[in-house]
Amino acid sequence: MMSEAILGELRKKARDLGIELDKPSPARVYDAGLGGTHNYAIDRAFLDQQLTALPDLALMMRWNRAWVGRAVRFAIEQGVRQFVDIGSGLPTQGNIHEVADIVARGEATVVYVDNDPIVQAHSDLLLAADADPARHRAVCGSFFDYDDVWEQVLATHVIDPAEPVCLVLAAVLHFMPPDTRPEVPLAFYRDQLPPGSLLALSHAADVDDPAWQQVANNYKTKATLPGHLRKEEEIKPFFGDFELVEPGLTWITAWRPDDNTDRPTPEFRSRGLAGVGCKVASEPAQS
């Protein structure tokens, strides 16, 4: 856990920036569920309350994090070496640059994007400690300020917009209710990517499970960001005209499992859907 001195400094900075530390943050709760240290007592208490209702919740967080690793390894196998992680959250185990550098040491570049300056501060510390700053960067910006965010991403000079990019949106869109119209910024981001690029996306699924529905409602009413579950037919359009790679949009633990994948029985227990889409070059117009 963070020391009281660091906690005090972060609380002061958060107050100056208007960031709530008196409500559980989904990013910090996620970090707590993964066994991280970038969280507060209020986040751990909220997590414990949800685990009472839904004991699978911490496992679900770990299953999602493991999926991110598999998606990154898949992208590397396809020859992609550039990653933009929007809504990256707090640094914790299995960061994209760590996975990529194991598979393609010294080759991958990563830009982490989050709208919380506290998250960026943590990310900067992490990257300074164990990453190559010439290849891995963190910027602060909102998913919805897409022009500014993409400008910041390119200003890092670690992403070449002419080369394929893997855009990662892991467990992010379910904190964007329909009235925020997340499909608009996402369409912009897809348009910026050249052919051969990938969109890796996971999303909490709207399934018939009263305990899961109650947890989602608790996020909506008690946390800093509202949770909104979606059905498969509502998630699939986020990929636009990107072609879903096999096995398509499926349960998180069923997406390209490897020997290390913990697969629950039934797979429904992951309560999340994930997929990776590929941007295919358009056919030249007939004269």
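Hi everyone, let me start in a loop: Arg 256 is found between S7 and S8, where helices (H or I, at least four residues) and strands (E, at least two) are DSSP runs numbered from the N terminus. Before going on, please keep in mind that this is a predicted model, in which local features need pLDDT of at least 70 and side-chain atom pairs count only at pLDDT 80 or more, while totals for chains, interfaces and linings use all residues. Residues are numbered from 1 along each chain as its sequence is written, and side-chain values use heavy atoms, with hydrogens and water left out.

Back to Arg 256. Its phi is near 45 degrees, a positive value in a residue other than glycine. Arg 256 is partly exposed, with a relative accessible area of 36%; here buried means under 20% relative accessible area, exposed over 50%, and partly exposed in between, with a 1.4 Å probe and protein chains only. The loop between S7 and S8 also holds Pro 266, and the peptide bond joining Thr 265 to Pro 266 is cis, with omega about -5 degrees. Another cis bond runs from Glu 246 to Pro 247, with omega near 10 degrees, and Pro 247 sits in the loop between S6 and S7.

Now to strand S8 itself, residues 272–278. Six of its seven residues are buried. Which strands pair with it? Strand S5 (residues 198–204) does so in the antiparallel sense over seven bridges; two strands count as paired if DSSP finds at least two bridges between them. Within that pairing, His 203 stands opposite Leu 273. Strand S6 (residues 243–244) is also antiparallel to S8, over two bridges, and there Leu 244 faces Gly 277. Strand S7 (residues 250–251) is joined to S8 by two bridges, again antiparallel, with Thr 250 opposite Ala 274.

Next, strand S2, residues 109–114. Six of its six residues are buried. In a regular strand, side chains alternate between the two faces of the sheet. In S2, Thr 109, Val 111 and Val 113 point one way, Val 110, Tyr 112 and Asp 114 point the other way, and all are buried. How do its neighbours run, parallel or antiparallel? Strand S1 (residues 82–86) is parallel to S2, with five bridges, and Ile 86 stands opposite Val 113. Strand S3 (residues 136–140) is parallel to S2 as well, also over five bridges, and there Tyr 112 has Ala 138 as its bridge partner.

On to the helices. H4 covers residues 57–77, 21 residues in total, and reaches 30 Å from first C-alpha to last, close to the 30 Å expected at 1.5 Å a residue; that expected span is 1.5 Å times one less than the number of residues. Why call H4 largely enclosed by the rest of the structure? Because 16 of its 21 residues are buried. After H4 comes Gly 79, whose phi is positive, near 90 degrees.

Last, a helix pair. The axes of H7 (residues 146–155) and H8 (residues 183–192) come within 10 Å and cross at roughly 35 degrees; axes are lines fitted to C-alpha atoms, for helices over the stretch in contact, and angles run from 0 to 180 degrees between N-to-C directions. Tyr 146, Asp 147, Val 149 and Trp 150 of H7 make the contact with Val 184, Pro 185, Phe 188, Tyr 189 and Gln 192 of H8, contact meaning heavy atoms within 4.5 Å.
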